[in-house]
Amino acid sequence: MLVNRIDTDVDELEEAGHGHILTPMKWPEEDNSKTGLLLVVLSLVFMNGEVMQDTHLWHTLRKLGIDQDMPHEVFGDTKKLLTQEFVRQGYIEYIRQPNTDPAVYDFRWGQRARHEISKRTCLNFVCQLYDDRDPEQWTSQYAAVLEDEGVQNGVQT
């Protein structure tokens, strides 16, 4: 798996006049939708304390019109998308809790999500959903963002 760790500002490069014409990549609509669903799922997991039981996640997604038992018009088989495709891509971990019968699974951020998506991005996304609520109002999540960014007592470490 390759992860782009280079922070590239396309506008800045164009203004610098490097003689290159840079255009944003065009992604198929289906890919944009899947990326949006992934951000929703990762945000739900993050806001739930960085782990979310599968029954709770599916209950929440059902409120958004996404049911694991019914094909979605854009995502198709959403259960397969979340528990197989996103897991295979490294964005999500789908882990069975030990000693549970029937089986109970947890969703967590995968290694790739931890490298490509910041907790701040997820928190800001949730704040937008709540009419631009201030991120600091989500105290435990905001503390996790600062910890993730290496900030302690207002000082970068």
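## Close-up views of a predicted model

**View 1. R114 is partly exposed, at a relative accessible area of 42%.** The model shown here and in the views below is predicted. R114 forms a salt bridge with E93. The closest N and O atoms of this pair are 3.4 Å apart. E93 belongs to strand β2, residues 92-96, and R114 to helix α5, residues 111-116, so the bridge ties together parts that are 21 residues apart in sequence. E93 is also partly exposed, with a relative accessible area of 26%.

**View 2. Within helix α5, E116 pairs with R112.** This is a salt bridge, and its closest N and O atoms lie 2.8 Å apart. The two residues are four places apart in the helix, so about one helical turn separates E116 from R112. Both ends are partly exposed: E116 has a relative accessible area of 34%, and R112 has 21%.

**View 3. K34 and E85 form a salt bridge.** Their closest N and O atoms are 3.9 Å apart. The pair links distant parts of the chain, with K34 in helix α2 and E85 in helix α4, 51 residues apart. Is K34 buried or exposed? K34 counts as buried, because its relative accessibility of 14% falls under the 20% cut-off. E85 is partly exposed, at 26%. Side chains of opposite charge can pair when their charged atoms come close. The count for the model comes to five salt bridges, by the rule used here.

**View 4. The largest nonpolar core holds 30 residues.** L82 and I92 have the most contacts inside this core. Which elements give two or more residues to the core? They are α2 (29-47), α3 (54-63), α4 (78-88), β3 (105-109), α6 (119-129) and α7 (139-148). Helix α2 supplies the largest share, seven residues. In soluble globular proteins, nonpolar side chains tend to be buried together.

**View 5. I92 and its surroundings are shown here, with neighbours within four places in sequence left aside.**

Technical notes:
Residues numbered from 1 in each chain as written. Predicted model: local features only at pLDDT ≥ 70, side-chain atom pairs only at ≥ 80, totals over all residues. Heavy atoms only, no water. Core = buried A, V, L, I, M, F, W, Y, C linked by side-chain atoms within 4.5 Å. Buried < 20%, exposed > 50% of the residue type's maximum accessible area, 1.4 Å probe, protein only. Contact = heavy atoms within 4.5 Å. Salt bridge = Lys/Arg side-chain N within 4 Å of Asp/Glu carboxyl O.
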